[in-house]
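Visitor: I have a model open and would like to go through it. Where do we start?

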Amino acid sequence: MASTPEGGARSLGRRIAAAPPRLWLALVLLVLGASFIAQNRATVRVRWLAFSVNWPLWLALLVVMVIGVLIGLLARRRSAKRR
């Protein structure tokens, strides 16, 4: 049985529509975060403990966002093990 392009498009559409709300929320937050980072490109001084660096603001925001994602993944993984 040959696959038609229309059947593939319908299948993809169904899979997109069946995506859980958590995934949609994550994608919306990712787009908002990425657009916020893209609009803040000035250079800033970042100080942490004894360290001080001049970074583009987008890079500092990206680093903080990645750290937040990692913390979320680690916390999620730990709570899943408790169940």
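Guide: With a term: pLDDT is the predictor's confidence in each residue, on a scale from 0 to 100. It applies here since this is a predicted model.

Visitor: OK, what is the mean pLDDT of the chain?

Guide: The chain has a mean pLDDT of 80, and 81% of its residues reach 70 or more.

Visitor: Which elements have the lowest and the highest mean pLDDT?

Guide: Helix H1 (residues 5-17) has the lowest, with a mean of 68. The highest belongs to strand E2 (residues 51-56), at 92.

Visitor: Pockets next. How much space lies in the largest pocket?

Guide: About 280 Å³.

Visitor: And which residues line the largest pocket?

Guide: The lining consists of Arg 22, Leu 23, Leu 25, Ala 26, Leu 29, Leu 30, Met 65, Val 69 and Arg 76.

Visitor: Which helices supply at least two residues of that lining?

Guide: Helix H2 (21-39) and helix H3 (57-82) each do. H2 gives the most, with six residues.

Visitor: What is in the lining by class?

Guide: Seven residues are nonpolar and two are charged, with no polar ones.

Visitor: Switching to aromatics. How many aromatic pairs does the structure hold?

Guide: One aromatic pair. The rings are those of Trp 48 and Phe 51, with centres 6.3 Å apart and planes at 20 degrees, so the pair counts as stacked.

Visitor: Where is Leu 49?

Guide: Leu 49 sits in the loop between E1 and E2. Its phi is near 55 degrees, a positive value in a residue other than glycine.

Visitor: Is Leu 49 buried or exposed?

Guide: Leu 49 counts as exposed, because its relative accessibility is 74% and the cut-off for exposed is over 50%.

Visitor: Last one, Thr 43. Where is its place?

Guide: Thr 43 is in strand E1 (residues 43-48). With 60% relative accessibility, Thr 43 also counts as exposed.

Visitor: What does Thr 43 touch, not counting residues up to four places away in sequence?

Guide: Thr 43 touches Asn 54, Trp 55, Pro 56 and Leu 57.

Visitor: And how far apart are Thr 43 and Ala 60 in space?

Guide: The two are 9.5 Å apart, C-alpha to C-alpha, and 17 residues apart in sequence.

Key: Residues numbered from 1 in each chain as written. Predicted model: local features only at pLDDT ≥ 70, side-chain atom pairs only at ≥ 80, totals over all residues. Heavy atoms only, no water. Phe/Tyr/Trp six-rings, centres within 6.5 Å; stacked < 30°, edge-to-face > 60°. Helix = DSSP H or I, 4+ residues; strand = E, 2+ residues; numbered from the N terminus. Buried < 20%, exposed > 50% of the residue type's maximum accessible area, 1.4 Å probe, protein only. Contact = heavy atoms within 4.5 Å. 1 Å grid on protein atoms, 1.4 Å probe; cavity = no way out; pocket = protein on both sides within 12 Å on 5 of 7 lines; lining within 4 Å. Points joined across faces, edges and corners; volume = space filled by probe spheres on them. Nonpolar A, V, L, I, M, F, W, Y, C, P; charged D, E, K, R; others polar.
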